[in-house]
Amino acid sequence: MKIEGACSCGSITIEGEADADAVSICHCTDCQTASGSAFRVAVPVSGATFKIRGQPTIFIKTTAESGNPRAQAFCPTCGAALYSTTPGEGQQAVYIVRVGMLKQRHQLMPKRQIWWRSARSWVGGLDRIRKLEKQS
């Protein structure tokens, strides 16, 4: 499916083709730390279709478990997380785009959860927590 999105301030936009069946929730501790939340939701986008306008800031992170470096991109103005990919010059093979920045996020339901062993114990019980339509 075609996806498009922007950071919070709008200075960086992305578009591309994503596989809606490949949306994942990642519970790894790197994603928890980087997102400031209990998990991160992302979808892979082929580098052949990935287009970006604006200049993201790239942070190279070496993950603890695999040791493979990952380029984490975010907006230098508003700090919004954009994607991760393999470090290097030029177009990469795949970009793991943060679903929360996409206009189509309501259509991108996660199909799997990875790094479940790092999941916060309360994540499985979210349906039991009181829900409010908006902040009161």
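**Reading the sheet, a surface patch and the cysteines**

Tutor: Start with the sheet: it is open, has seven strands in the order E6-E7-E8-E9-E4-E3-E10, and its pairing is mixed. Keep in mind that this is a predicted model.

Student: Which are the edge strands?

Tutor: An edge strand pairs on one side only. Here the edges are E6 (57-62) and E10 (112-114). From one strand to the next, the twist averages 30°.

Student: How do strands E8 and E9 run, and how many bridges join them?

Tutor: They run antiparallel, and two bridges join E8 (residues 81-85) to E9 (residues 94-98).

Student: Which residue in E9 is the bridge partner of Tyr83?

Tutor: Tyr83 has Val97 as its partner there.

Student: Now the surface. Which residues form a nonpolar patch?

Tutor: Trp122, Leu126 and Ile129 do, with about 290 Å² of accessible area together. Leu126 sits in the segment after E10. Its relative accessible area is 37%, so Leu126 counts as partly exposed.

Student: How many disulfides are there?

Tutor: First the general idea: a disulfide is a covalent bond between two cysteine sulfur atoms. The cut-off is 2.5 Å between the sulfurs. By this rule the count is zero.

Notes
Residues are numbered from 1 along each chain as its sequence is written. This is a predicted model: local features need pLDDT of at least 70, side-chain atom pairs count only at pLDDT 80 or more; totals for chains, interfaces and linings use all residues. Side-chain values use heavy atoms; hydrogens and water are left out. Two strands pair if DSSP finds at least two bridges between them. Helices (H or I, at least four residues) and strands (E, at least two) are DSSP runs, numbered from the N terminus. Axes are lines fitted to C-alpha atoms, for helices over the stretch in contact, and angles run from 0 to 180 degrees between N-to-C directions. Patches are made of residues with over 30% relative accessible area and no salt bridge: like charges are joined within 9 Å, nonpolar side chains (Val, Leu, Ile, Met, Phe, Trp, Tyr) within 5 Å. Accessible areas come from the Shrake-Rupley method with a 1.4 Å probe; for residues, only the protein chains shown count as cover. A salt bridge is a side-chain nitrogen of Lys or Arg within 4 Å of a carboxyl oxygen of Asp or Glu. Buried means under 20% relative accessible area, exposed over 50%, partly exposed in between (1.4 Å probe, protein chains only).
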